[in-house]
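Open the model in a viewer and follow the stops below. Each one names a selection and then says what is there.

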Amino acid sequence: MTFEDLNLNKPLLSALDDLGITTPTAIQEKAFGPIMAGRDVVGIAQTGTGKTFAYLLPSLRLWQFTKSPYPQILIIVPTRELVLQVVGEVRKLSAYLNLEVVGVYGGTNLKVHKAEVEVGLDVIVGTPGRLVDLLKDGILKLKQVKRLILDEVDEMLDLGFRAQLNDILEFLPRKRQHLFFSATMIDEVLETIQQFTDHFEVVEAAPSGAPLENIDQYGYALPNFNSKANLLEHLLQTEAGFRKVLVFVSTKKLADILYERLEPTFGEALGVIHSSKSQNFRFNTVAAFEAGTYRCLIATDLVARGLDVSAVTHVVNFDVSDTAEKHIHRVGRTGRAEEQGVAITFHAPEDAEALAAIEALMGRSIPTLPHPAPRLLSDELIALEQEPEYVAENTVFIRPAPENAAFHEKSLKNQKVNVRVGRRDKMMAKYKKPQTRGQKPRGKKKGRKS
Ligand code: AMP
């Protein structure tokens, strides 16, 4: 099947032609008919499957020019990076349409977004918190919205955006079409969807949780940070095929430590990105990675989630992700749009349980390969590994809700109650003894984010 076989119009076909895209992906093919028929659709698709065009193509096909300054299409996404990416995709597809798209997200000047919205627009893409700000201000009106799209619903819930989604729901006209996209269909995702609509059709690119088939996955057993860093350095130095390498680490601190460790060897070819870096720094870093200036980018899960970087040759899980869904998302950064990809997972003995959960969700195992240079194994621990616990970037500890909770992305996000039990604690509870070398007796738990 080609795009010519779908009921697309000339402007969209020309735009696809310019992009050199001729064949719809599985999710694009499956979602097109039901969306065109006006049904509510839930698409189960990972990033890299062409899911953005899967909802944009029929939505733009159904879009009609009006003189109204209010948007007809509302797209809600979890992160700023994803806002920019989706805005970019809308621009590409609407090259031959007289259509205005605006992207809004938290952490930047509200006035700028207000001005952009006030001028008038057809499509708005935004993060939940910033959209609520604009709605409460009365600047953004949703009465003309015909199509509501929620992308990466699972991630939105992970980030604690449920309250804002409820707020937005109140501003929407009754008659509207819903399109939801999520990599996984866990109970919370289903509950959220049901708040918006009772009748929907599910289209699935691949079974929920199944990683893309064109990604080769394997692992190395490595006991600690130094062994992992040594192997990563070795692979980058000896394997020419590692051209565009995305390295995932679980904490900002670890991202910085790894960067400092590798920077003397790789210098300008190495980048690092996490949520404590400024917005500008993050945009520039992503652009440098996309352009190939950086051969290797170290990233935390939170910011790397929405990145659409093409031709990532290798994803390296420097540590095993604490949830199986996160692993699927990490791995989905490579092998995009049917390119061949490789995902390598570094795992330590204490990761056995998490690794088993990942393999169970994927329905396939991650073979452990022999270490290519065993002399690079180290038993020296870094200071961080000797601390009682280090926690993932998006872990939020219990804290009392502020009395006058403002409608602000950060403050609402921080109210999220999420008690995290560290892997070490779990292992201690289970085995009643330390499971890793150098583990210190439990001191007073530090209630900190990394
Ligand atoms: P997504 O899953 O939406 O993040 O898309 C992943 C990448 O695939 C994007 O860079 C798209 O431009 C690209 N893409 C989307 N649809 C197609 C297609 N039918 N053929 C080839 N590439 C595509």
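Select helix H6 (residues 128-136) and helix H8 (residues 162-171): their axes come within 9 Å and cross at roughly 40°. Axes are lines fitted to C-alpha atoms, for helices over the stretch in contact, with angles from 0 to 180 degrees between N-to-C directions. Helices (H or I, at least four residues) and strands (E, at least two) are DSSP runs, numbered from the N terminus.

This is a predicted model, in which local features need pLDDT of at least 70, side-chain atom pairs count only at pLDDT 80 or more, and totals for chains, interfaces and linings use all residues. Residues are numbered from 1 along each chain as its sequence is written, and side-chain values use heavy atoms, with hydrogens and water left out.

Stay on this pair and show side chains. On the H6 side, pick Pro-128, Gly-129, Leu-131, Val-132, Leu-135 and Lys-136; they meet Gln-164, Leu-165, Asp-167, Ile-168 and Phe-171 in H8. Contact means heavy atoms within 4.5 Å.

Next, select the strands. The open sheet has seven of them, in the order S3-S4-S2-S5-S6-S1-S7, with parallel pairing; two strands pair if DSSP finds at least two bridges between them. Strand S3 (101-104) and strand S7 (201-204) are at the edges with a single partner strand each, so one side of each has no neighbour in the sheet. On average, neighbouring strands are turned by 15° against each other, direction ignored.

Zoom in on strand S1 (residues 41-44), which runs parallel to S7 and is joined to S7 by four bridges. Here Ile-44 stands opposite Glu-204 in S7.

Finally, select helix H5 (residues 110-119), which lies across S3 and strand S4 (123-126) and runs at about 155° to S3.
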